[in-house]
Amino acid sequence: MQLRYYQQEALDALYNYFLTHENGNPLVALPTGTGKSILPAAFIYGIMRQWPQTRFLMVTHVKELIAQNAEELLKLWPTAPLGIYSAGLKQKDTAHSIIFGGVQSMIKHPDWFGHRDIAFVDEAHLISGDDASRYQSFFSFMKLINPKLKIIGMSATPYRMGLGHLTDNGLFTDIVYDKTSLEGFNELLAAGFMSPLVPLRTRTELDVSNVSVNQGEFIATQLQGAVDKAEITFSALKEMCHAGADRKSWLIFASGIEHAEHIAEQLGAFGIDCAPVHSKRSSDYNDAAIKAFKANELRSIVNYGKLTTGFNHPGIDLITMLRPTLSVPLW
């Protein structure tokens, strides 16, 4: 596998950091869509070729990311000693040299994973500054087993709203590679590694003037009530269909579970297959829908709270945002 130049630079930055720093936890910041998931695979493969006794963890928060990251490692190294610990994926491996898992499951039995040398955290901006949080508690326990445990973070947004950069009194100490600045974005766009977004001003607008705000974001129940109206959904999706006539893979964000269902129903009435993906649908249904969407067997998919973080499908060529937000990282 040939790494892109910035992926190789990020990998080299990690190697150099550990050569020059006895203590500290580094952070790599790369924009969404630049292929962060290959970094842990390449790093783990490179380290274990020289030091096969090294023991790794890859920790994240949703089963989709666990499966996605594991797939990247197996593409690069099909015989990797890889195990998965995730209730959502119905696997509970603990003895392998490399464990990819979900923090919600792993925090219940941290002692089962034994001595670990290096841990990766995908979507590291989700780690709370609260010492009692799942991530903080889990790593505190793992450091009781190995006080020299190194933790590597990856994120497209190396900060938390209201708290500052992830290196400000947090788990991570140094940003070792960062392409998330305006200059970094422009460089990656010019090189052809990212697709330029083409925003379309729509005639249909979502009125959130009467929606209250709590902790910097719209209150979810009020938001859905404001935008989940049949006439608005009809008009918005009619515009989307005209704009997406030459597009093959539509990703839609809804403002609630009922809103997602109504969007799928309306698109069905237009003769366009659309699967609603959310927490009230079964895992089997969601998995099948996502698989069909990635295989281009399903032209559109609408989600609420399922495909927001770390979803990897390079074929997407139209994004419809029917979920107003005040969150800069989410947007």
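## Helix packing in a predicted model

Helix α8 (residues 230-243) packs on helix α9 (residues 257-269) at an angle of about 55°, and the two axes lie 10 Å apart, where axes are lines fitted to C-alpha atoms, for helices over the stretch in contact, and angles run from 0 to 180 degrees between N-to-C directions. That makes α8 oblique to α9, given that angles under 35 degrees count as roughly parallel, over 145 as roughly antiparallel, 65 to 115 as roughly perpendicular and the rest as oblique. This is a predicted model, in which local features need pLDDT of at least 70 and side-chain atom pairs count only at pLDDT 80 or more, while totals for chains, interfaces and linings use all residues. Residues are numbered from 1 along each chain as its sequence is written, and side-chain values use heavy atoms, with hydrogens and water left out.

| Helix | Residues in contact |
|---|---|
| α8 | Thr 233, Phe 234, Leu 237, Met 240, Cys 241 |
| α9 | His 259, His 262, Ile 263, Gln 266, Leu 267 |

His 259, a residue of helix α9, counts as buried at 2% relative accessibility (buried is under 20% relative accessible area, exposed over 50% and partly exposed in between, with a 1.4 Å probe and protein chains only). Leaving aside residues up to four places away in sequence, His 259 touches Gln 224, Val 227, Asp 228, Thr 233, Ala 254 and Leu 322.

In helix α5, the buried residues are Tyr 135, Gln 136, Phe 138, Phe 139 and Met 142. Seen down the axis of α5, they fall within an arc of 165°, so they line one face of the helix; the arc is that of the directions from the helix axis to the C-beta atoms. These buried residues of α5 pack against β2 (56-60), α4 (103-106), β6 (118-122) and β7 (150-155).

Technical notes: Helix = DSSP H or I, 4+ residues; strand = E, 2+ residues; numbered from the N terminus. Contact = heavy atoms within 4.5 Å.
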